[in-house]
Amino acid sequence: DAPPEPADAAIVARLQGSGAVVVGLTAPHEFAFGVTGVNAHTGTPPNPADPGRIPGGSSSGSAVAVAEGSADLAVGTDTGGSVRIPAAFCGVVGFKPAYGGYPTEGVFPLSPTLDHVGLLATSVDAVRRVHAALGHDPGRGRLPERLGVAEPELEDADVVVAGRIEGVVRVLAAAGLALTRVTWPDQEEVSAVSTAVMYAEAAAVHRRDLDAHADRYGEDVRNRLLTGLQIPAAVYATALRARRGLERRVQAVLSDVDAVVGPTVGMVAPKQAAAGDPRLPGRIVRNTRLANVSRVPAISLPVPGDSLPVGLQLSAGDDARTLGYCAAVQALLQR
């Protein structure tokens with residue numbers, strides 16, 4: 001029963017100013033604070049690849065709308081992987097630019113330190129066209145020369161996902177790319193830092209409504225917000241300092257290679273019956289949160305194959321290189 005907003009979000013206004021036509025609204029995970037895409041208030045958008053499986057979140061409806069053809073492009077938000085995760089589970093492209101790449105004005109915040117606006121489409125070239133229409137460099141569309149492979153993430157993935165990603169790596173090696181193993185910062189450290197920042201900031205955003213209307217929140221979101229309220233200020237401040245350290249370490253890795261690839265998510269979309277497993281969100285976000293903490297761009301590219309969708313995640317030093325390299329990789333895989 002919230003009233004309409006007084007104006008469009010800045011990203012929507014800019015897209016419309018570039019000729020985009022808004023065809024509808026999509027349902028996300030409640031307040032964009034979850035990665036399964038399950039929403040008891042609006043209903044859960046069905047995964048087009050298998051309606052019995054979760055679509056991923058939080059930008060669940062955005063990925064579904066593109067995957068099943070209702071829209072050519074969809075806007076999503078990404079605070080810990082929320083554009084890339086549903087893109088991987090639904091078989092579409094999901095792009096999170098570097099921090100601040102697209103405006104967040106008018107977007108309901110989750111964690112301002114980590115929030116990004118992103119785009120979902122069926123191809124990298126479609127995202128590049130929109131990126132250019134918004135006034136940004138879409139990249140040159142060439143393959144990287146030196147490619148890092150995030151092998152710990154690959155080794156941690158389920159068999160189906162690992163096999164598909166390894167197939168991509170073999171194709172890239174056959175194309176002449178110089179491949180090297182890289183190791184991102186420890187996933188447990190990344191999780192601890194991002195959780196402290198995200199939960200504390202989300203609790204601050206929602207504090208007034210949580211005091212007045214706690215019963216109107218979904219159980220999973222309410223519990224996360226209540227957890228955020230218990231995070232001491234000193235822990236939050238320490239996490240902010242650690243975030244800056246992680247950002248420097250990621251930049252150091254990207255200074256040695258042109259780009260890094262690995263699985264977006266280490267599993268295919270789980271069955272909806274498993275969505276309530278408290279261990280599931282942590283497994284889903286293991287590979288995606290680092291790009292938010294370090295503020296580097298990241299894109300999820302669907303890997304060709306006959307089974308359930310699998311996403312390849314690629315990151316480079318800036319938006320133009322990330323989009324350009326990924327467009328060339330997609331063209332190579334399609335050939």
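The following legends describe close-up views of a predicted model. Residues are numbered from 1 along each chain as its sequence is written, and side-chain values use heavy atoms, with hydrogens and water left out.

View 1. Helices (H or I, at least four residues) and strands (E, at least two) are DSSP runs numbered from the N terminus. Two strands pair if DSSP finds at least two bridges between them.

**View 2. Strand β3 and its two partners, β1 and β2.** In strand β3 (residues 116–121), 6 of 6 residues are buried, that is, under 20% relative accessible area, with exposed meaning over 50% and partly exposed in between (1.4 Å probe, protein chains only). H116, G118 and L120 point one way from β3, while V117, L119 and A121 point the other way. β1 runs antiparallel to β3 and is joined to it by 6 bridges; T77 stands opposite V117. β2 (residues 93–96) is likewise antiparallel to β3, through 3 bridges, and G94 stands opposite L120.

**View 3. L312 and the largest nonpolar core.** A nonpolar core is a set of buried Ala, Val, Leu, Ile, Met, Phe, Trp, Tyr and Cys residues joined through side-chain atoms within 4.5 Å. The largest has 42 residues, and V124, I299, L301 and L312 have the most contacts inside it. Helix α12 (residues 319–334) gives the most to this core, with 7 residues. Not counting residues up to four places away in sequence, L312 touches, among others, I165, V168, V261, I299, L301 and V329, where contact means heavy atoms within 4.5 Å. Strands β7 (residues 298–302) and β8 (residues 311–316) run antiparallel and are joined by 4 bridges; S300 stands opposite Q313 in β8.

**View 4. The buried face of helix α8.** In α8 (residues 219–229), the buried residues are V221, R224, L225 and G228. Seen down the helix axis, these fall within an arc of 100°, so they line one face of α8; the arc is that of the directions from the axis to the C-beta atoms. The buried residues of α8 pack against α7 (187–213) and α10 (280–284).

**View 5. Aromatic ring pairs around F31 and F33.** Rings of Phe, Tyr and Trp (its six-membered ring) pair if their centres lie within 6.5 Å; planes under 30 degrees apart count as stacked, over 60 as edge-to-face and the rest as tilted. The count comes to 4 aromatic pairs. F31 and F108 have ring centres 5.3 Å apart and planes at 45°, so this pair is tilted. F31 lies in the loop between α1 (10–17) and α2 (60–67) and F108 in the loop between β2 and β3, so the pair ties together parts 77 residues apart in sequence. The rings of F33 and Y199 have centres 5.3 Å apart and planes at 80°, so this pair is edge-to-face. F33 and Y199 are both buried, whereas F31, at 34% relative accessibility, counts as partly exposed. Ring pairs link F31, F108 and Y217 into a cluster.

Note on methods: Predicted model: local features only at pLDDT ≥ 70, side-chain atom pairs only at ≥ 80, totals over all residues.
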